[in-house]
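I opened the model to look up a few local features. My entries are kept in the order in which I checked them.

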Amino acid sequence: MKPATSSTQTARHTGERPASPNPKLLLSSQLIFNIGFYSVVPFIALTMANDFAMSAVAIGVVLGARTFAQQGMFLVGGAISDRWGARYTMVAGCIVRVSGYLLLAAADNFSLFLAGAIVTGIGGALFSPALESLVAAAEERREPSGKHRPTLFASLVIVGEFGAVAGPLLGSLLLGFGFEVSLYVASAIFAVMAFVFWRFLPRADRRGHPTDAAVPKHQLLACLRDKRFVAFACFFSVSLLAHNQLYFGLPVELRRSGLDAGALGFVFAYASLLTVSLQWPIAKLMRRFGERNALTLGLSLKAAGFTAVAILATQPPIASLPVLPALALVTGLCLGNMCANPTAMRLVLDFAGGRPTGAYYGLLASCGGAMVLIGNTAMAPLYEFADQTSTAAASPWLFTGVIAVVSAVAIRRFLPVPARAVA
């Protein structure tokens, strides 16, 4: 197999680079999209239960279908972005998401909620890989001026986290006027963004070639033929499985510790504070630390968080600090994300070797979605024993911790060859 060539080397060889949008536009897009997303999606379950008296099974199916539609379509969305261009794909993603929200606004039965959730997920699958490919292009253009500074992907995490905090606050305020009002406001946000993307995303490179020019079909899914990248994506997918335990496993641990839903809000606020305050300095440190070491450290920190919970789950909750296991888990997961995620997103440029990056980012996300589905299914029986203090309560946490350690060791073998030196 031929070694991957860095995209910067490719650009230098050809003497041209595609036009890329202003990074501020890309970062503000992530912020606004997260506000529009989190002002709606966290309240779907509440609305289905309180306003329409739907069962937990129906709610679970709707939420699961939305996640599966988005994660499963990421590779397709990335390929579409490579074929027709990020500009068209992001506009289409906005329009599709508006359609999904309007379906949800009209929903008064299970079928409409399900359809709206699926369409909403597909909109995200079109938007995200296209945005990430544009961020990659912008990162490539700024690379020569600052080798050790944090990447744009680190900034993307930070602004995304601000959106994840502001979105639910906006949704809570709008919910007082009815869930459909939240949906109309969010639809307006995405409609405005569709116009902004159509108007301001670049259409031509320096030589006048359209950036939306079609990519040859044989290049669309080149990522699937890159065995090294497929292995990298599979091992890195453990990172998403680990982070997903904030939504799947953390409520179980809080129940074991005798804490209620209010504690969950506190823990998520703590996670956001950690990310916003530490992502930038950690990303800067990881650029000096090196890519292999950053990935290994990130996954190891996640494993450490799971190990800490596994140990504490076998002991009665500490009366003065019952939230300690949850804080240990969140600290390990957030620090691990801050070390590993921007690094992995940056490495996609080297794997792509000058080829279109949309499908690469799509495959990375789709592998993560598949791992979450498989991993959560495997761990569900173990969590049945984790809501009471016992030796068995440690089993799901140890299971995930071991997988994270294996991934931390194995992923070092599957970086692009030659990897871009950052140390």
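I am working with a predicted model, where local features need pLDDT of at least 70, side-chain atom pairs count only at pLDDT 80 or more, and totals for chains, interfaces and linings use all residues. Residues are numbered from 1 along each chain as its sequence is written, and side-chain values use heavy atoms, with hydrogens and water left out.

Cysteines. I looked for disulfides (pairs of cysteine sulfur atoms within 2.5 Å) and found zero. C367 is in no disulfide, and the nearest cysteine sulfur, that of C234, lies 4.5 Å away. I then checked burial, where buried means under 20% relative accessible area, exposed over 50% and partly exposed in between (1.4 Å probe, protein chains only). C367 has 14% relative accessibility, so I logged C367 as buried. C334, at 4%, is also buried.

Asparagine. I located N337 in helix α15, residues 324-352; helices are DSSP runs of H or I, at least four residues, numbered from the N terminus. N337 is buried because its relative accessible area is 12%. Leaving aside neighbours within four places in sequence, I listed S239, H243, K302 and P342 as its contacts (heavy atoms within 4.5 Å). Between the side chains of N337 and K302 I noted a polar contact at 2.5 Å; the term requires a pair of N or O atoms within 3.5 Å, one able to donate a hydrogen and the other to accept it, and residues adjacent in sequence count only if both atoms are side-chain atoms.

Helix pair. Helix α11 (residues 227-248) packs against helix α16 (residues 358-383) at about 50°, with axes 7 Å apart; axes are lines fitted to C-alpha atoms over the stretch in contact, and angles run from 0 to 180 degrees between N-to-C directions. I therefore class α11 as oblique to α16, the label for angles that are not under 35 degrees (roughly parallel), over 145 (roughly antiparallel) or 65 to 115 (roughly perpendicular).

Key:
Helices (H or I, at least four residues) and strands (E, at least two) are DSSP runs, numbered from the N terminus.
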